[in-house]
Amino acid sequence: MRPVIWIIGGTSEGRNLLKALAGFDIDIFVSVATEYGAGLIEKQSNIRVMAARMDLTAMRDFLKQHKPECVIDATHPYATVVTATVKEACSLEECHYMRLLRPSSESGDYITVTDFAEAVELLNHMDGNIFLTTGSKNLKDFTAVRGYADRIALRILPMENSLQNALQLGYKPANIVCMQGPFSKELNIAMLKKFHSKFMVTKDSGAAGGFDEKVEAAAAAGAKLLVIGREPEEGSGYSDVLNFLYRQYADTKLS
């Protein structure tokens with residue numbers, strides 16, 4: 001019976017990990033939240049992709065049924081609820097858990113706030129258009145920004161449910177950009193200028209999430225960057241996680 005591991009999350013680091021493990025004689029289950037995320041994963045003979053959101057009970061049932069030797073949490077740094085649930089499930093079922101961390105960005109010439117509520121409060125004390133690049137999940141928070149329908153342009157993934165959510169919340173169609181990243185500095189500058197944005201709101205998504213390009217673009221376009229900070233967490237970097245898996249399953253690597 002082949003060893004089983006479970007990788008959770010559709011981040012670029014998670015996808016890179018899958019490619020690195022393509023030649024190993026192991027069974028890999030991959031969990032992503034949506035069919036869109038599943039479509040970004042390249043087909044491999046040793047992986048099975050599951051597109052569904054799982055609560056604690058579902059995670060525990062999965063662990064009991066498939067008995068993975070380890071679980072790699074490669075979710076986005078801001079998916080804190082998912083990470084907490086995975087950790088709890090692994091603890092309860094006594095399964096080895098590893099958190100794959102994305103390095104945070106070093107401090108720079110931008111404003112950092114602790115959460116979305118603080119970002120909204122700050123924007124309500126400022127005038128000017130806003131380019132929102134924090135995704136569709138927290139769009140409702142920003143409807144509390146004064147004059148949001150006129151002031152906010154937003155960039156979200158090209159998914160029907162994300163677009164419908166934005167429209168239902170009152171964001172104007174002309175101010176909605178549906179695109180898949182990564183985005184270059186030049187493209188960010190063009191969008192900031194198109195919407196006459198005085199502010200750009202983003203998450204600290206690190207280099208893999210195009211954070212550096214946003215910093216450079218905001219400076220070049222004369223916009224102020226507002227960054228939603230992330231909660232501190234413990235875990236291992238990509239190289240450490242990959243080295244651990246290589247050590248564990250080196251004997252299974254196919255020639």
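Tutor: Some wording first: buried means under 20% relative accessible area, exposed over 50%, and partly exposed in between (1.4 Å probe, protein chains only).

Student: OK. Where does Asp25 fall, with what relative accessible area?

Tutor: Asp25 is partly exposed, at 28%. This is a predicted model, where local features need pLDDT of at least 70, side-chain atom pairs count only at pLDDT 80 or more, and totals for chains, interfaces and linings use all residues. Residues are numbered from 1 along each chain as its sequence is written, and side-chain values use heavy atoms, with hydrogens and water left out.

Student: What does Asp25 form a salt bridge with?

Tutor: Its partner is Arg2, and the closest N and O atoms are 2.5 Å apart. A salt bridge is a side-chain nitrogen of Lys or Arg within 4 Å of a carboxyl oxygen of Asp or Glu.

Student: How many salt bridges does the structure hold?

Tutor: There are 7. One of them joins Arg99 and Asp73, with the closest N and O atoms 3.4 Å apart. Arg99 lies in strand S5 and Asp73 in strand S4, so this pair ties together parts that are 26 residues apart in sequence.

Student: Are Arg99 and Asp73 buried or exposed?

Tutor: Both Arg99 and Asp73 are buried. Now take Lys172 and Asp150: they form a salt bridge with the closest N and O atoms 2.4 Å apart. Lys172 is partly exposed at 37%, while Asp150 counts as exposed at 54%.

Student: New topic. In what order do the 5 strands of the open sheet come?

Tutor: The order is S3-S2-S1-S4-S5, with parallel pairing. Two strands pair if DSSP finds at least two bridges between them.

Student: Which strands stand at the edges?

Tutor: Those are S3 (47-51) and S5 (96-99). Each has a single partner strand, so one side of each is left without a neighbour in the sheet. Neighbouring strands are turned by 20° against each other on average, direction ignored.

Student: Over how many bridges do S1 and S4 pair?

Tutor: Strand S1 (residues 4-8) and strand S4 (residues 70-73) pair over 4 bridges, in the parallel sense. Ile5 has Cys70 in S4 as its bridge partner.

Student: What does helix H3 touch?

Tutor: H3 (residues 56-66) packs on the sheet, touching S1, S2 (27-32), S3 and S4. Contact means heavy atoms within 4.5 Å. The direction of H3 makes about 160° with that of S1. Axes are lines fitted to C-alpha atoms, for helices over the stretch in contact, and angles run from 0 to 180 degrees between N-to-C directions.

Student: Which strands does H4 lie across?

Tutor: Helix H4 (residues 80-93) lies across S1, S4 and S5. H4 runs at about 160° to S5.

Student: Last one. Which residues are buried in H5?

Tutor: In H5 (residues 116-123), they are Phe116, Ala119, Val120 and Leu123. What covers them includes strand S6 (111-113), strand S7 (129-132) and helix H6 (148-151).

How values were computed. Helix = DSSP H or I, 4+ residues; strand = E, 2+ residues; numbered from the N terminus.
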